[in-house]
Amino acid sequence: MVSSSNKSRAPPAGKTIRLQLDPLRLHEPARKKLSTIETQRIMVVFDDLVQKMELIEILPVIVSHADLFKSTIDTETMNEINRHEQLKHALETNTPLQSVTNIIEKLPQFENYTRCFDKALSRNVNEQIAYHYYIQQSIRNILRRLVHQQNHFDNIKRILQSKKLLPPQKHVIKLLKMLRDSAMERFLTTPLEEREKDDQIKSLNTRLSSNETIIAKLEKELNDAIADRDAEVCLEDFFRYFIVCH
């Protein structure tokens with residue numbers, strides 16, 4: 001006879017129980033700091049690239065909410081950000097290059113790119129090339145001003161996050177961060193630790209393969225027991241109903 005408390009804890013009839021194991025974590029590298037100048041430089045390049053891509057993504061938000069950054073971004077830098085966004089808009093709307101001459105001439109590294117036009121190309125194609133050149137120069141100026149002032153960049157992100165204006169990260173930035181973390185772990189891991197980790201993974205795979213058979217057997221036995229119990233309960237209910245009716 002199955003008690004009511006056991007019935008309340010029992011899973012719905014016909015539902016298969018699946019046992020789950022928590023994944024095991026391999027040991028972390030013993031070293032916490034990079035030991036060579038070369039690896040430190042590689043990680044600096046990773047961090048710098050991620051920061052630059054993040055900044056490029058949030059520039060339109062900064063322009064749209066310029067009032068939030070009056071005490072964080074100086075006037076000249078904000079003017080450069082505005083000019084950059086105007087150049088991007090002009091490129092996207094196929095605005096003639098001559099119409100944005102006043103913006104281009106204010107670039108610190110201004111160069112009259114029209115002198116380099118390729119006569120073999122149409123004027124429209126030449127202007128597209130010139131636009132990309134000027135936009136590259138513009139973004140370099142902005143990155144030079146903001147990325148290398150770590151406090152500025154962190155404050156900008158903090159303000160956007162507090163106002164829920166921080167745009168979602170693009171997939172390429174997430175991949176770069178994953179690559180950066182993977183490289184950091186690899187640089188911190190000694191050859192001995194690498195061999196130990198490989199041995200642990202092989203041992204873990206062997207145990208998991210062996211345990212899968214045991215788990216499958218236990219699951220079958222458990223589900224068979226539940227099925228037998230359900231059949232017993234149904235039979236008892238049938239006899240009880242039969243006795244009451246007669």
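User: Where is Asn94 found, and why does Asn94 count as exposed or buried?

Analyst: Asn94 is found in the loop between helix H3 (75-92) and helix H4 (101-104). Helices here are DSSP runs of H or I with at least four residues, strands are E runs of at least two, and both are numbered from the N terminus. Buried means under 20% relative accessible area, exposed over 50%, and partly exposed in between, with a 1.4 Å probe and protein chains only. Asn94 has 54% relative accessibility, so Asn94 counts as exposed. Do keep in mind that this is a predicted model, where local features need pLDDT of at least 70, side-chain atom pairs count only at pLDDT 80 or more, and totals for chains, interfaces and linings use all residues. Residues are numbered from 1 along each chain as its sequence is written, and side-chain values use heavy atoms, with hydrogens and water left out.

User: What makes the phi of Asn94 worth a remark?

Analyst: Most residues other than glycine have a negative phi. Asn94 has a phi near 55°, a positive value in a residue other than glycine. Lys164 also has a positive phi, near 60°, and Lys164 lies in the loop between helix H6 (150-162) and helix H7 (171-188).

User: How do you know whether Lys164 is buried or exposed?

Analyst: Lys164 has a relative accessibility of 79%, so Lys164 counts as exposed.

User: And Ile135, buried or exposed? Which residues is Ile135 in contact with?

Analyst: Ile135 is found in helix H5. Its relative accessible area is 14%, so Ile135 is buried. Contact means heavy atoms within 4.5 Å. Leaving aside neighbours within four places in sequence, Ile135 is in contact with His84, Leu87, Lys88 and Leu91. The C-alpha atoms of Ile135 and Glu85 are separated by 9.0 Å, and these two residues are 50 apart along the chain.

User: What makes H3 roughly parallel or antiparallel to H5?

Analyst: Two packed helices are described by the angle between their axes and the distance between the axes. Axes are lines fitted to C-alpha atoms, for helices over the stretch in contact, and angles run from 0 to 180 degrees between N-to-C directions. Under 35 degrees counts as roughly parallel, over 145 as roughly antiparallel, 65 to 115 as roughly perpendicular and the rest as oblique. The axes of H3 and H5 come within 10 Å and cross at roughly 155°. That makes H3 roughly antiparallel to H5. Among the residues that meet are His84, Leu87 and Leu91 in H3 and Tyr131, Ile135 and Ile142 in H5.

User: How many helices and strands does the protein have, and what share of its residues is buried?

Analyst: The secondary structure comes to eight helices and zero strands. Buried residues make up 27% of the 246 residues.

User: What does UniProt place at residues 201-228, and how much of that span is helix?

Analyst: UniProt, in an unreviewed entry, places the feature "coiled-coil region" there. UniProt positions are given in the numbering used here, feature names are shortened, and annotations may be inferred rather than shown by experiment. In the model, residues 201-228 are 100% helix and 0% strand, and their end C-alpha atoms lie 40 Å apart.
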